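Here are my notes on the model, point by point. Please read them with the structure open.

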Amino acid sequence: MEGKMKVAVMTGARQMEWTEKDIPKPGKGELLVKLEYVGVCGSDLHFYEAGRLGNWVPDGPLVLGHEPGGVVEEVGPEVTGFKKGDRIAIEPGVPCGTCDMCRKGLYNLCPDMSFMAIPNERDGVFSEYCVHPANMCFKLPDNVDTMEGALIEPLAVGFHAAKVAEAEIGQSAVVLGCGCIGLVTIMVLKARGIEEIYAVDMIGKRLEKAKEVGAKEAFNAKDVNIEEFVRTLPGGGVDLVFETAGAEFTTRQSAKLIKNGGRVVLVGMCAEPEIVVDIGSLSAKEGDLKTIFRYRNLYPAAIKAVSEGTIPLKSIVSHIFEFKDVIEGVAYNVDNKSDVIKAVVKY
Ligand SMILES: [Zn+2]
Ligand SMILES: [Zn+2]
């Protein structure tokens, strides 16, 4: 397909502008995809607000957006299994496929990963079209729309967190933070049969949503001391704690909330790389501390779970911005964090 497309690029902290680029041509093994929905992620907001994300500092313009759902527009050479018009979810990371990690199936740890909206990796999808390797694209069943397709990306993080935690029926869990990742984690825990889920946040709207999607109780940290609460539970704590806020306070708190032999999973990414963790509490309880980095091999299962109705994924969306308003939309999201639970961009 020939022609130009509109692209919103970040050029610095709190700076985004419109530009035009050629519509890319799909190379060998690639698809040209027309975007329909792209989720706005916390990491997009960090980049926009600070002009950087942790150690990732753009050295030039960067296109944000890495949670894409869309429709196949053109199929590149040597692609099988896709045709024009297929609705798909796109997994935004493209691993090298040949290194040690990739060969072990741990491709999220590939040192040569090319992930959307990461400096010097690949551009994000705040653009009308993108090209992507077909083997990182996943067809959506008829009853899963492309907005859900976009949201498979954060859902995959929740899947990975629950898997690493080895979460199982009959356990108890605390989820610290009820933003998008906290909410999808609650949904996945619930779907795995865990009923005793305690959600913690400081924003009322998010706490209501946490209850709606499966939390047994949702506590506002301004009113309730979660450390005191868990001491009233059998064993004085929970089996599993998921830190999804990416904050120093909640990371430090997490080990205090498990019962003996419990497990902490650090899901959120803190802005500061070096922070205090309560190793004393963790050791005294022979607790387990796990970290996760994105996800791997989970798109098919996540799509299937949404199709089967196990995960009420779309209910987390609080705001839909038109693509023509994406710059204002991202700014609104940054300035109104307590209002926006999850925003998506509609093309
Ligand atoms: Zn994301
Ligand atoms: Zn690799």
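1. Ser114 belongs to strand S7, which spans residues 114–115. This is a predicted model. With a relative accessible area of 15%, Ser114 is buried, because the cut-off for that class is under 20%.

2. What does the side chain of Ser114 contact? Its partner is the side chain of Arg122, in a polar contact of 3.1 Å. Leaving aside residues up to four places away in sequence, Ser114 touches Pro92, Gly93, Val94, Glu121 and Arg122.

3. Cys41 sits in the loop between strand S3 (30–39) and helix H1 (42–50), and His66 in the loop between H1 and strand S4 (67–75), so the pair ties together parts that are 25 residues apart in sequence. Are these two buried or exposed? Cys41 counts as buried at 18% relative accessibility. His66 also counts as buried, at 6%.

4. The second largest pocket holds about 180 Å³ of space. It has 14 lining residues, and those closest to the centre are Met5, Asp123, Gly124, Tyr129 and Cys130.

5. Which strands supply at least two residues each of that lining? They are S1 (4–12) and S8 (129–133). S8 gives the largest share, four residues. By type, the lining of the second largest pocket has eight nonpolar, three polar and three charged residues.

Terms used
Residues are numbered from 1 along each chain as its sequence is written. Chains are lettered from A and ligands numbered from 1 in the order in which they are written. This is a predicted model: local features need pLDDT of at least 70, side-chain atom pairs count only at pLDDT 80 or more; totals for chains, interfaces and linings use all residues. Side-chain values use heavy atoms; hydrogens and water are left out. Buried means under 20% relative accessible area, exposed over 50%, partly exposed in between (1.4 Å probe, protein chains only). A polar contact is a pair of N or O atoms within 3.5 Å; within protein, one must be able to donate a hydrogen and the other to accept it, and residues adjacent in sequence count only if both atoms are side-chain atoms. Contact means heavy atoms within 4.5 Å. On a 1 Å grid over the protein atoms alone, a cavity is a set of points where a 1.4 Å probe fits but cannot get out, and a pocket is an open set with protein on both sides within 12 Å along at least five of seven lines; lining residues have an atom within 4 Å of a point. Grid points are joined across faces, edges and corners, and a volume is the space filled by probe spheres set on the points. Ala, Val, Leu, Ile, Met, Phe, Trp, Tyr, Cys and Pro count as nonpolar, Asp, Glu, Lys and Arg as charged, and the others, Gly among them, as polar.
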